[in-house]
Amino acid sequence: MLKKYTVLFLAFLMLLHVTAPVANAARLVRVPTAWVDEFETFLMWYAKEKKWDREAGLDIEIRQYNSGAEILNAHSTGAWVYAGMGVIPAILGNMRHNVIAIAIGVDEAAANGVVVHADSPIAKVKGWNKDYPNVLGSPDTVRGKTFVLTYISSAHYALSTWLKVLGLQDSDISIRDMAQGLVVASLENHIGDGAALWAPQLYLALDKGGVLAADLKTCGKESYTYLVADTAYANANPEITAKFLTVYFRAVDDYLSKSPEVFLQDYRRFYLEWAGKDYDEELLRRDIKNHQVLALAEQQRLFDETNGRSDAQKDIEAVARFFGSLGRLGKDELSRVSTSSYASDKYIKLVPPNLTLKK
């Protein structure tokens, strides 16, 4: 009889051992998210690799898209509740898709630029606008030319900003819309006179003989990527939203506490395993250097609405006004540029300074 109960007890222990992981997984909250192959995505991927989402009681799914515009197109299908995207898609997301910014991804001003052919007349003129001495090109060398880019993106913003420095606007050139991977190939095959790209495709274009006419930094602009949320979901689930941000900022905190070189191999593995792209280490070092990561305390200050509109809201509004001046927003949308609530400090204030949360 004792032997019988012993066998039953051992069987029960084995059953607990087998079913415990399943039960734990069942308790995790599934969180579908959307991203492009960019540096802020690496930080979330890194956090996922460390299983920090599970420690917070979440199962964060990191879904890949080709652009912020593509992410927005998927919003109505319920494919994601949080996403990472550039400032232009974040603006349109707020106006057209009930999306709100809840944190900054990275400052990528030096990682979005315009590339022209080395033998282009554009590359022969430097400092036409004395206020921007490192910017290449002039009205006469640029007007009427054709540029390839991914429409309504941070790269598009870089192109339009460069044109404004030269006293031009989008209507003074021809624009061809295509995916970033095709943009590099088009430039290499002399399809178009130049291209607007974001990193790391920007560096690929330069490595293939292109010349940097300007990036947002040389044009005197900051350019943040944003973490955004479906507003209805975030309002209904503030604790989950806070946990999502906590997972992200654990990666930010870890990254800022070490030398960037420590993350180089993980960054290369991220691109290879998640994005299916193998970049050499030197390109990735350049990419890391050109992305500034902002700590939690700094971001909480930027999003703080205690004394009225936050710096984050003002930053997005300024870009919206610029984009609107180019005719890229409808009349109704233009009327809402200064009234739309682009960003909220509600959720980032819930992120604890020690960056850990109980499930």
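**Talking through the model**

Reply: Gladly, and we can begin with N98, which counts as partly exposed at 42% relative accessibility. Please keep in mind throughout that this is a predicted model.

Me: Where is N98 found, and what is its phi?

Reply: N98 sits in the loop between α5 and β4 (99-107), and its phi is positive, at about 55 degrees, although the residue is not a glycine. Most residues other than glycine have a negative phi.

Me: What about helix α5 itself, buried or exposed?

Reply: Nine of the ten residues of α5 (residues 87-96) are buried, so the helix is largely enclosed by the rest of the structure. The buried ones are V87, I88, P89, A90, I91, L92, G93, N94 and M95.

Me: Which other residue has a positive phi although it is not a glycine?

Reply: I152 is one, with a phi of about 50 degrees; it belongs to the loop between β6 and α7. I152 is buried, with a relative accessible area of 18%, which falls under the 20% limit for that class.

Me: And where is there a cis peptide bond?

Reply: The bond from A199 to P200 is cis, with omega near 5 degrees, and P200 is placed in the loop between β8 and α9 (201-207).

Me: Switching to the sheet, what is the strand order?

Reply: Five strands make an open sheet in the order β7-β6-β8-β5-β9, with mixed pairing. Its edge strands are β7 (174-177) and β9 (211-215), each of which pairs on one side only. On average, neighbouring strands in this sheet are turned by 25 degrees against each other, if direction is ignored.

Me: How does β5 pair with β8 and β9?

Reply: β5 is joined to β8 by five bridges, and these two strands run antiparallel; within that pairing, N112 has W198 of β8 as its bridge partner. With β9, the pairing of β5 is again in the antiparallel sense, over four bridges, and there G113 is partnered by D215.

Me: How many of the β5 residues are buried?

Reply: Five of the five are buried, so β5 is largely enclosed by the rest of the structure. Both of its faces are covered, with N112, V114 and V116 buried on one side and G113 and V115 buried on the other.

Me: What joins β6 to β7, and which helices lie across the sheet strands?

Reply: Four bridges join β6 (residues 146-149) to β7, and these strands run parallel, with V148 standing opposite R176 of β7. Helix α7 (residues 154-165) lies across β5 (112-116), β6, β7, β8 (194-198) and β9, at about 65 degrees to β5, while helix α8 (residues 180-188) lies across β5, β6 and β8, at about 145 degrees to β8.

Me: OK, nonpolar cores next. Which residues have the most contacts inside the largest one?

Reply: They are W80, Y226, F244 and L245, in a core of 103 residues. Helix α11 (residues 238-256) gives the most to this core, namely nine residues. Apart from it lies another core of 21 residues, including F147, L149, W162 and A196.

Me: Now charges: what does E38 have around it?

Reply: E38 lies in the loop between β1 (29-35) and α2 (39-49), and it is buried yet has no salt bridge, as the nearest side chain of opposite charge, K277, is 11 Å away. Leaving aside neighbours within four places in sequence, E38 is in contact with E108, W198, A199, F270, Y271 and H291.

Me: Then which residue does K277 form a salt bridge with?

Reply: K277 forms one with D37, whose closest approach is 2.5 Å between N and O atoms. K277 is in the loop between α12 (264-275) and α13 (281-289) and D37 in the loop between β1 and α2, so the pair ties together parts that are 240 residues apart in sequence. K277 is partly exposed, at 27% relative accessible area, whereas D37 counts as buried at 4%.

Me: How many salt bridges does a search of the whole structure find?

Reply: The search finds 24. Among them, the side chains of E281 and R268 meet at 3.9 Å, N to O; E281 lies in helix α13 and R268 in helix α12, so this pair ties together parts 13 residues apart in sequence.

Key:
Residues are numbered from 1 along each chain as its sequence is written. This is a predicted model: local features need pLDDT of at least 70, side-chain atom pairs count only at pLDDT 80 or more; totals for chains, interfaces and linings use all residues. Side-chain values use heavy atoms; hydrogens and water are left out. Buried means under 20% relative accessible area, exposed over 50%, partly exposed in between (1.4 Å probe, protein chains only). A nonpolar core is a set of buried Ala, Val, Leu, Ile, Met, Phe, Trp, Tyr and Cys residues joined through side-chain atoms within 4.5 Å. Lys and Arg count as positive and Asp and Glu as negative; His and the chain ends are not counted. A salt bridge is a side-chain nitrogen of Lys or Arg within 4 Å of a carboxyl oxygen of Asp or Glu. Contact means heavy atoms within 4.5 Å. Two strands pair if DSSP finds at least two bridges between them. Axes are lines fitted to C-alpha atoms, for helices over the stretch in contact, and angles run from 0 to 180 degrees between N-to-C directions.
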